[in-house]
Amino acid sequence: MKVKDEFCLKVDELIKYSRIPGHLHSATRENDHKALWLVEGFSIIIKKEQVMGVVSVWLCDNPDKPAEYDFVVREILYRFDNAWKIREISRRHKLPNEYITDIQRPPSSNVSIRKFFLDIYFDDFGTYRNVYHTLGGVYLQFGNMPFKLRKQLKNHFLLGFVPFGGDIYEFFAPLRDEIKLLERGIMISTNTGEYWVVGGVGCVTADLPQGNDLAGVKRHGANFGCRACFAHRERSTDNRFDYLTNARFSHLSDNQYAKAATLSTITARERYATEYGISLNPQPFEGLAWDRHIQTPHDAYHAMGGKTRRLLDETFNLLTSSGESEWLHHWKLIEKPPRWSKLPNPILHRQSFMFSDIFRLAMLMPFILRRFLTWRLMKKDLLESIQRRLNLPRIEQVPLKVIQVWVTEAKALKLVFSVTLSSNDFQALIKALKEQSRILLEVSSN
């Protein structure tokens, strides 16, 4: 990586037994004199002049065991929920050079090599508001572009539309075949000479249902419907669930798909698929050199937009008719940036709002609610229900909890959609999301 115009190495640290936390000490680990522990999540930057030499280290989940090695790594040391923990080295995300092996070299060593990666976006949308028959849009962008170019609409290329009920495996087949050719490399002649061009999938962004289809995981309503980890749906709101140890790893998923294919009956295959939350349908990007779990991240725009819209629904549902009138009165009076487009009545027409409108409304919600919200403007049965669940001594405290939900939502949205995100910002985002999750679980009746 480049740091201040200087090429440096970003590495994960390997430590000896004496440096692992005391509660993880054991006789078995102490007697393994060649053992090192890989520290995850705390990468360090090394300058080239700081490199002293080469050390042979065998990651024991790698089947190609070297004849001689200086050290061996069998476990990963990581931090979760403010505590140091250990998991097996096999439960790690492999490096690209470990699963990208079919590489074709340029015909001549004098040919310049150019590399790029593709960002693919796939989502369903209603052709007219919220009609049931949706249309899937597939877009492509070159991820190597600078940010100022990537955010321009002209640099988002439409690949096509998937009609309602269409087969996405069939739709992606031509694109998949072309990407496989790019992965091996092709020769391109230009006005400035010949270049050996190599490309591949960088990121596939999609909403929950489509993203799970692309990653080969059952949809999010299943018992194990998360495409990133094995959280059971009953533990989806459990902040103590160790999603790092229980993450989905692409090489382990490959073994699960292979095992399912060997089962003799449909019933056995379906039972196995339910146990691991994998989809038996053909995967659109099967055969490509990519990590299906890392490279299909959850779409922050959809995730935060859908959650914010649901919060609006629940908040307006708390208000009496007088409360709604008061909200509209203060909505009209509150100061708004002049560049914002004029929005219709949010109480009646918010279902037709774009996510950008929803986010703007979310920024104003804490201020609007602070100006008028009292317990007298909230429905009595819901008010008393929240008071009982939170064990609040006074009913006047309930509106403050509702306002607190919107304060945490506004803070989280501000951090999620920052143009740049430092390590401190990332920690602040984690803290804000955990705080919001805690408050929502307290306030929510479901």
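This is a predicted model: local features need pLDDT of at least 70, side-chain atom pairs count only at pLDDT 80 or more; totals for chains, interfaces and linings use all residues.
What is phi of Asn-82 near? It is near 60°, a positive value in a residue other than glycine. Is Asn-82 buried or exposed? Its relative accessible area is 68%, so Asn-82 is exposed.

Now jump along the chain to another asparagine. Asn-391 sits in the loop that joins α12 (380-390) to α13 (398-416). Phi is positive for Asn-391 too, at about 55°, and again the residue is not a glycine. With a relative accessible area of 66%, Asn-391 counts as exposed.

And one more asparagine, for contrast. Asn-155 is in the loop between α3 (147-150) and β11 (157-162). Its relative accessibility is 10%, and the cut-off for buried is under 20%, so Asn-155 counts as buried. What is Asn-155 in contact with, once we leave aside its neighbours within four places in sequence? The answer is Leu-140, Gln-141, Met-145 and Leu-149.

Let me zoom out for a second. The protein chain has 446 residues, and 37% of them count as buried. In secondary structure we're looking at 14 helices and 13 strands. If you box up the C-alpha atoms along the principal axes, you get roughly 80 × 65 × 60 Å. On contacts: take those with a separation of 6 or more, and 63% of them are between residues 24 or more positions apart. The chain exposes about 27,100 Å², with carbon and sulfur atoms supplying 54% of that. And on charges, there are 62 positive and 50 negative ones, and their mean positions are 5 Å apart.

Searching the whole structure turns up 20 aromatic pairs. The one I'd like to show you is Phe-122 with Phe-172: the ring centres are 5.8 Å apart and the planes are at 85°, so this pair is edge-to-face. Where do the two partners lie? Phe-122 is in strand β9 (residues 112-126) and Phe-172 is in helix α4 (residues 168-184), so the pair ties together parts that are 50 residues apart in sequence. Both Phe-122 and Phe-172 are buried. For Phe-172, the relative accessible area is 1%.

Phe-172 has another partner, in Phe-171. That pair is edge-to-face as well, with 5.5 Å centre to centre and 90° between the planes. Phe-171 has a relative accessibility of 26%, so it counts as partly exposed.

Over Phe-230 we have Arg-248, at 4.2 Å from the ring centre. Over Trp-331 we have the charged end of Lys-336, 4.5 Å from the centre of the ring.

Two more residues before I stop. Take Glu-194, in strand β13 (residues 193-206). Its relative accessibility is 47%, so Glu-194 counts as partly exposed. Leaving out neighbours within four places in sequence, Glu-194 is in contact with Val-111, Ser-112, Met-187, Ile-188 and Ser-189. How many residues apart in sequence are Glu-194 and Lys-65? They are 129 residues apart, and C-alpha to C-alpha the two are 39 Å apart in space.

And then Ile-386, which takes us back to helix α12. That's the helix on one side of the Asn-391 loop. Ile-386 has 4% relative accessibility, so this residue counts as buried. Setting aside neighbours within four places in sequence, Ile-386 is in contact with Leu-318, Val-398 and Val-443. From Ile-386 to Tyr-276 is 110 residues along the chain, and their C-alpha atoms are separated by 37 Å.

Key
Residues are numbered from 1 along each chain as its sequence is written. Side-chain values use heavy atoms; hydrogens and water are left out. Rings of Phe, Tyr and Trp (its six-membered ring) pair if their centres lie within 6.5 Å; planes under 30 degrees apart count as stacked, over 60 as edge-to-face and the rest as tilted. Helices (H or I, at least four residues) and strands (E, at least two) are DSSP runs, numbered from the N terminus. Buried means under 20% relative accessible area, exposed over 50%, partly exposed in between (1.4 Å probe, protein chains only). A charge sits over a ring if NZ of Lys or CZ of Arg is within 6 Å of the ring centre and within 35 degrees of the ring normal. Contact means heavy atoms within 4.5 Å. Accessible areas come from the Shrake-Rupley method with a 1.4 Å probe; for residues, only the protein chains shown count as cover. Lys and Arg count as positive and Asp and Glu as negative; His and the chain ends are not counted. The place of a charge is taken as NZ of Lys, CZ of Arg, CG of Asp or CD of Glu.
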